[in-house]
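Hi there,

Here is the structure I promised to pass on to you. Have a look at it first, and then read my notes below.

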Amino acid sequence: MENNLDSENRRDISYTAPHTQSFYKKMWLVAVPVVIQNVISIGLNLIDILMIGRMGEKELAAVGSANQIFFIFSMICFGLYSGAAVYVAQYWGIKDLSNIKKVIGIDYVVGTALAVITFIVAMLFAPKLIWIFSRDQEVIALGAQYLRTVCFSYILISITFVMVYNSRAIKKLKAATIINGTAIGINTILNYCLIYGNFGMPAMGVKGAALATVIARMTELICFVVYIYIHKEHPFHGSFKEFFDFDRLLFKNVMKTAVPVVFTEGGWAAVTSLTFVAYGMLGATALAVIQIAEVVSNLSQAVYFGLGNATAVIIGESLGRSDTQSAYKYGGMAMKITWGLNVTVTILLIALSRPIANVYHFNSETTHLLILVMIAWAFTTTPKMLAYVLICGILRAGGDTLYSLIVDLSCNVIIQLSIAFFSVLVLNLPLYWVVGLVAFSDLIKTIICYKRYYSKKWMNIVT
């Protein structure tokens, strides 16, 4: 990093006063498509869980366990691409298209390599990976079957994610949103056909759900490639040389920013999956319940993902123009919006807990457990989302990725994991109490990151 600006002693020569109206206009432009993308994507997961959940608790636990592998992989990709997008956003602020393409080329190379490694591991060690989350032999068999099919989508997803995340950085999201929505619609229809054997298709159960995902992801990638090929004016359209003729210095600089984010997101995903292991010690029912509650919670949090992405883009653009005062002000405005959303989302989750639980044909005991877990999850929204917007939307946009890594991993490993396993193994607490206590790590994380924001030490000019 260079030019760490931690005070108002350095006046920015290109400083322009931040305008509230301009901020909300940019926020709307980026946040709404991202929210739509996430609602569609998470909504699909909800439909998947509904369809698979109707087959039984063990099928749902199997798919939930298998998807932990994809969860870790996708978070590593998110870390890589969002870390590199710090450069894309700042280069976009000065309209440097040449370097934008080179950063995207770096994304393609590193992301594809990660996808190939994950694919090989999933194919070779599927039963052992499922065993980490459940000791139930039927869950292991079903989960391995699902994982060995769905892992074919990982390479496709790694390439598609490059286009999606960088589309957010340059605020060109219309096509990405339409393509994403189309692919998810295809996935939903194929799920209906291949899980249960409708419309003359074979009834393949969990393997059918995995195959539907692979076909949908392939369609999604093809649509992206065709769209960019046709629209030659698109910033992502270019020759092989334009994308992959990056020098060692640029690669080193991008990785210097991205790698801490990769470790942050990958570490967070690993800790979350290990927390899933702790939940699994409470039985297959707990795994099924936590799978539903998590997806419903993620759906309610989609608006925060839009807010975080939009904040990162707006702050990145401001720093690209060396406008640090606006970047700081925009961060404060984003946090005010976050507090308002927290109240609304918490109330909404509590109100919808029973109607959502009743959709599933579980026994009364499992249904009651699901309601209590969803209520507990509702109260964890505030610390989780404050920490998310602070780290992903503000600190990371300022290139403060190493500090974010240290705070995130320290709180997750030392506090979250300790609480999860201590609550299950020593205190023998029910699932909903474990869910609530685990969020204490996010509370500590939020306090630390708020102090970092006010210090202004997070603002770096990287371009």
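This is a predicted model: local features need pLDDT of at least 70, side-chain atom pairs count only at pLDDT 80 or more; totals for chains, interfaces and linings use all residues.

Let's start with the helix pair. Helix H6 covers residues 174-196 and helix H7 covers residues 206-230. Their axes come within 8 Å and cross at roughly 155°. Angles over 145 degrees count as roughly antiparallel, and H6 and H7 are therefore roughly antiparallel to each other. The crossing of the two is right-handed. On the H6 side, the residues making the contact include Ala 175, Ile 179, Ala 183, Ile 186, Leu 190 and Leu 194. On the H7 side, Leu 211, Ala 212, Ile 215, Thr 219, Cys 223 and Phe 224 are among them. Sorted by class, this contact has 16 nonpolar, six polar and one charged residues.

Next comes Asn 166, which sits in helix H5 (residues 153-169). Asn 166 counts as buried because its relative accessibility is 0%. Its side chain reaches the backbone oxygen of Val 162 at 2.8 Å. Leaving aside residues up to four places away in sequence, Asn 166 touches Ala 85, Val 88, Ile 104, Asp 107 and Phe 236.

Finally, take a look at Ser 239, in the loop between H7 and helix H8 (240-244). Ser 239 has a relative accessible area of 36%, so this residue is partly exposed. Between Ser 239 and Leu 299 there are 38 Å in space, C-alpha to C-alpha, and the two are 60 residues apart in sequence.

Enjoy exploring!

Best wishes

Definitions and conventions:
Residues are numbered from 1 along each chain as its sequence is written. Side-chain values use heavy atoms; hydrogens and water are left out. Axes are lines fitted to C-alpha atoms, for helices over the stretch in contact, and angles run from 0 to 180 degrees between N-to-C directions. Helices (H or I, at least four residues) and strands (E, at least two) are DSSP runs, numbered from the N terminus. Angles under 35 degrees count as roughly parallel, over 145 as roughly antiparallel, 65 to 115 as roughly perpendicular and the rest as oblique. A crossing is left-handed if the near helix is turned anticlockwise from the far one by less than a right angle, and right-handed if clockwise. Contact means heavy atoms within 4.5 Å. Ala, Val, Leu, Ile, Met, Phe, Trp, Tyr, Cys and Pro count as nonpolar, Asp, Glu, Lys and Arg as charged, and the others, Gly among them, as polar. Buried means under 20% relative accessible area, exposed over 50%, partly exposed in between (1.4 Å probe, protein chains only). A polar contact is a pair of N or O atoms within 3.5 Å; within protein, one must be able to donate a hydrogen and the other to accept it, and residues adjacent in sequence count only if both atoms are side-chain atoms.
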